[in-house]
Amino acid sequence: YLRAKYLFESRQYKKANVDIQHVLKSSPRESDYLLLAGQIALDLENYNIALNYFNLIQPSEKKQSFILFLLA
């Protein structure tokens with residue numbers, strides 16, 4: 001997760017996507033992982049995939065306003 005986050009911040013989205021997909025296999029419901037996966041998908045212009053990741057995050061999470069900001 002940390003390497004994927006670093007790669008995302010370094011704008012190496014394809015490499016970050018590979019790493020986050022590997023992390024999601026071990027923890028598919030972790031909200032931080034889903035949020036990062038959605039952000040990476042947005043930057044790779046995979047909007048439907050990003051929306052699917054964001055929909056998996058529980059609506060009661062405090063990250064919901066950030067998700068709505070990203071989608072806007």
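The C-alpha trace spans about 30 × 25 × 20 Å along its principal axes.

This is a predicted model, in which local features need pLDDT of at least 70 and side-chain atom pairs count only at pLDDT 80 or more, while totals for chains, interfaces and linings use all residues. Residues are numbered from 1 along each chain as its sequence is written, and side-chain values use heavy atoms, with hydrogens and water left out.

Next, switch to a cartoon display. The protein has five helices and zero strands (DSSP runs numbered from the N terminus: helices are H or I, at least four residues; strands are E, at least two). The pattern along the sequence is α-α-α-α-α.

Now select helix H3 (residues 31-43) and helix H5 (residues 64-71), which pack at an angle of about 5 degrees with their axes 11 Å apart. Axes here are lines fitted to C-alpha atoms, for helices over the stretch in contact, and angles run from 0 to 180 degrees between N-to-C directions. H3 and H5 are therefore roughly parallel to each other (angles under 35 degrees).

Show side chains at this contact: Leu35, Gln39 and Leu42 of H3 meet Phe66, Ile67 and Leu70 of H5 (contact means heavy atoms within 4.5 Å). Of these residues, five are nonpolar, one is polar and none is charged.

Finally, colour by burial. Buried residues form 35% of the 72 residues (under 20% relative accessible area, 1.4 Å probe, protein chains only).

Conventions:
Angles under 35 degrees count as roughly parallel, over 145 as roughly antiparallel, 65 to 115 as roughly perpendicular and the rest as oblique. Ala, Val, Leu, Ile, Met, Phe, Trp, Tyr, Cys and Pro count as nonpolar, Asp, Glu, Lys and Arg as charged, and the others, Gly among them, as polar. Buried means under 20% relative accessible area, exposed over 50%, partly exposed in between (1.4 Å probe, protein chains only).
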